[in-house]
Each structure stands twice: as structure tokens, then as C-alpha cells.
Amino acid sequence: MNIFLYGPSGAGKSTLGKKLARALNLSFIDLDSEFENRSGFKIPDIFASKGESAFRLLEHETLSTLLLEPVKSDSVIALGGGALLKPESRTLAESHGRVLLLTAPFDVLLKRVTESSEERPLLSSSERSEAQSKSASAQKLQTLLAARAGHYASFPVQIDTSSASPAKLVKQIQSQLGWFHVRGMGRHGYDVRVEPGGLNSLGAMLKARNLGGPVAVVSDSNVAALHGDQALKSLREAGYNAELVIFPAGEQNKTLETVAGFWQAFLALGMDRKSTVVALGGGVTGDLAGYAAASYLRGVDWVGVPTTLLAMADSSLGGKTGFDLPQGKNLIGAFHPPQLVLADPETLSTLPERELRSGLGEVVKAGLIADKGLFEICSQGWEKVESRLDEVVRRSMSVKIEVIEADPYEKGFRAALNLGHTIGHAIELASGFELFHGEAIVIGMVIAAQMAEKRGVARPGLTDEIRGALTGLGLPVDVPAGMNPESIIKAVGVDKKKASGKIKFVLPVRPGLVQVGVEVAGWQEMVLEEIKNRTRSGRI
């Protein structure tokens, strides 16, 4: 799979292509330069001697040779402004990756073209004066854009390169495509891909990253029945010896005993230090399988294949693995980054509605931390979010990746990802896990917002704004009736995020901005008051 950058002259294909390739840890290829290197001819000379039609044919042959070479890694490929005018060339590109059209307003394109030293045969002018030359180039560019308007408009994924700095555009492109490379943990980092139907390519993706077998596909009893055979088929077609390792579904099974069962299964499968563990499922599966991989033979490779919205948006990223103790969640664990995270949004269609809604808790959290636009999407209600699930997944992942790259081992700002979790984990535990993780977290976010308002950190009304968004998504916003407030306070006291005996909170300031590491004097009384005020009757 490649990323093809396409569009008119001056759109920034080469400039952004190099930066995007660097961000994704991919090779960069400029098709025009590739053509000149392979043919030994300069493009202007081909245009002058043989004309545009002959050049397009040679350009197609260069693209075909490049893409069909037996040994070739994924690349970012900058195409010439008319490289896909031939239907055969377009079909070839679209069958070998994603085409992203770069564009910009006419005046921006003209400025870039006239200020560049690059010779462009279709825009060059023989006029002698600078003013005449610029005017002639403007007319030629305008004519060219008009002739290709329908062609360029036919590409569904487009980015206006005049809208932001190159660094921001690279992040925007990654979020738009769902392609990321996470750095900061391990020597080489790891790829993240959001690919509808990607589960069918699981084996090929492991092969492309030189991951070894045998492969243990760890999955809970629910997910294994839905997606286990599909994962095994893809792996076996790629030549792997692969078997399912199934455990009973449920947070209550997130224990050391379950992990020990995985170790025994790995031994029975004949796994060695070059073998691979695949975590197929939600957050519980990822945490458990990742920890088993971290500790088996002092560490083997693993791949995350999240199948829940909560796991895609949050827990599959960052390399945090572990299991629960009776006293609290995730008290035992290790940082062990995966080699790949593959999120296939098509798997979300099999989720029960309550579980899908629960995952939106982590999506709202991502919006509150660093993506005001994502929070605004969530504020438009369940139907709007459901119709844009692919985008919601990509944007949520983009937020978390940006945070963990800045602080991979949670020494500072990465604590922002704990918004709602300090109290939410305690509520989840106190409910005996009757509340789903996302449901408990959003209740914790509401309480955190109220705390922020009382301390003057957040603007008045933020709590109601957050409550309104969550209610519109069908999520609970109050502590269920009958829950013992003291048990919640006790569970907060053993939270793994406590430092030097002190509880520090993440407080929302406004959508897109939070404050981390906040010590709240008298937090116990404040939480008790909020629980008392917001306890509701009935069940989830």
C-alpha cells in the first residue's frame, strides 16, 4: 500500500511528500525524478521533441515498472500534475494504494510556480520580460486548471495545502488517511493503520514487517466467535502457523491466572523469541495479550487488532499492558509497544449498541483533550457520530498518538489521557464491573468538570456542555443509585496514578484543552458531594 500525492503544479506534492514519508517512516519517491533517472532524459526535452502524449505513455510505463517491481516497500509517491489523466495510470495507482489530491487557490499556486526554479513544460513561457512571463504563466495555469477541473474534482480525498503549515498538514493527512507511525517507545516505533476490511490483510501486514511465527491469536470468547476464523485465514494464507488462544470474556477475567494460561498455550504452540502474539479484541484482550507478550521469554513481538471503539480510540495505542488486582484496575503491568496496530472499522458493526456507545466515552475524552472539532461532532448526537465512525476513529487515534509521542512513558502531559479515569476507574470497580469502562469514565469526566468549575479552572457551564454531549450519545452521566460512595473514595486511594502518596487530577478547561497534575485539596469531600448530588435511580 502506497500513498500517492496528486494535484496541480504548485500544490506542494514534493515538499509535503518528503515530510509525510519521514513522519510515516516510509520511503519517498518523486515520479518525475524517477522517470528522468530511469530514462536518462529530461522531461522538458521529451515534451519538446515528442509532445505530451508520448510523455504520458512513458510516464505510465515508469509508474507501472515502479509499482510492479518484486521488491518494494510502501512509499509516499509524488505524482506529476497530469500523471493520472490516462485511465490506465489512475487504475494502476488506485489498485496500489491511496490517492490524495493536494490543491490550493489559484493565486497560491501561481505564486509557488513562478517563484520556483523548477522547469514546468506546460507552464513555461518564452516571453522576455518578467511581467510578461508571469502573465503568460498565469494564463497557461488558468487554462490548465480549467481543463482538468473535472478530473481533479473526481478524487474523493482532498487537502487544501494553503490552509496550514506543512507540519500541521502532515498531521491532517495522517488523520485523513488513518496512517500513523508512533515514535518514542522502542528503537523503531510502530505503524498504526485504520483500514476498512483490513482484517483480511492481517497476514500480509505481518509479513511486510518481517514478524515471525508461530502466531498466537489471543481473543475472548465473544470476539473469537465473530472474527477468529477470518484472522486465522489471513495469517495462514500468508504462510503462518497460527492458532487461537481463547479466554472467557469479561473484565473479571483480567487476572494473572488468565495470563498464565496464555503462557502455557504459547509453550504448547512451540512459540520462541521470534514468534508473534496477536491481540484480537477489545481493551481487556489488548492489555492481557500485550502483557503476556512482554513477559513470555522476556519479551516477544505482538500486534494489536482492536475490534471495539474503545480499544481503537484509546487502549490499543501507547504500549501500556497489564492486568487487574482485586484492589484496583491495571495495578500490574509493563510498557511493551506493539509492532503494529491494525484497526478495521468494519468489525464495529458486530458490537452490541451499548458497547459501541460506551466506546464513545474515550472519543469524547480525546475531543476534550486536543480536538475541539471532534468534541463538536460528538455534541451533535448519536446518529451523527454513527454516520462518521471511520472519521471518529481516525481523529481519536490521532489525538492519542500526538500525546504519547510527546510523552511516551507518562512523565508529564501524557497524564492528560487519564481525564475521567481517576474517579471513573473507582466507579467501575465499585460497580462490580456492571458499568462498562467507557460508561464509568464519562461519569468520572463529569465529576472532574464540576471540580474544574469549582476551582475556577473551567469556564462556568462546561459541566452542562459535557453532560449534554454525553446524554445525546446515550451515555450515563450520574453515579448509579445504591453505590457506596466510601468504596469509590477507597478505590481512588489505590489508583495506580497516585504519585508520592498524592492524588493528582486531570481537569478540563474547555473543549480541546485540559490541565494535568492538579492537586485538589479536599477532593474526597468534593467527590462525595458530587456523588450525592448526582446519584440517580434506575439501572444503566
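**Exercise 1.** Which residues in H2 meet which residues in H3?

*Solution.* This is a predicted model: local features need pLDDT of at least 70, side-chain atom pairs count only at pLDDT 80 or more, and totals for chains, interfaces and linings use all residues. Residues are numbered from 1 along each chain as its sequence is written, and side-chain values use heavy atoms, without hydrogens and water.

Step 1. Helices (H or I, at least four residues) and strands (E, at least two) are DSSP runs, numbered from the N terminus.

Step 2. Look for contact, meaning heavy atoms within 4.5 Å. Asp 32, Phe 35 and Glu 36 in H2 meet Ile 43, Pro 44 and Ile 46 in H3.

Step 3. Sort these residues: four are nonpolar, none polar and two charged. Here Ala, Val, Leu, Ile, Met, Phe, Trp, Tyr, Cys and Pro count as nonpolar, Asp, Glu, Lys and Arg as charged, and the others, Gly among them, as polar.

**Exercise 2.** Describe the aromatic pair of Tyr 6 and Phe 155.

*Solution.* Step 1. Rings of Phe, Tyr and Trp (its six-membered ring) pair if their centres lie within 6.5 Å; planes under 30 degrees apart count as stacked, over 60 as edge-to-face and the rest as tilted.

Step 1. The whole structure holds five aromatic pairs. For Tyr 6 and Phe 155, the centres are 5.3 Å apart and the planes stand at 70 degrees, so this pair is edge-to-face.

Step 2. Tyr 6 lies in strand E1 and Phe 155 in the loop between helix H7 and strand E5, so the pair ties together parts 149 residues apart in sequence.
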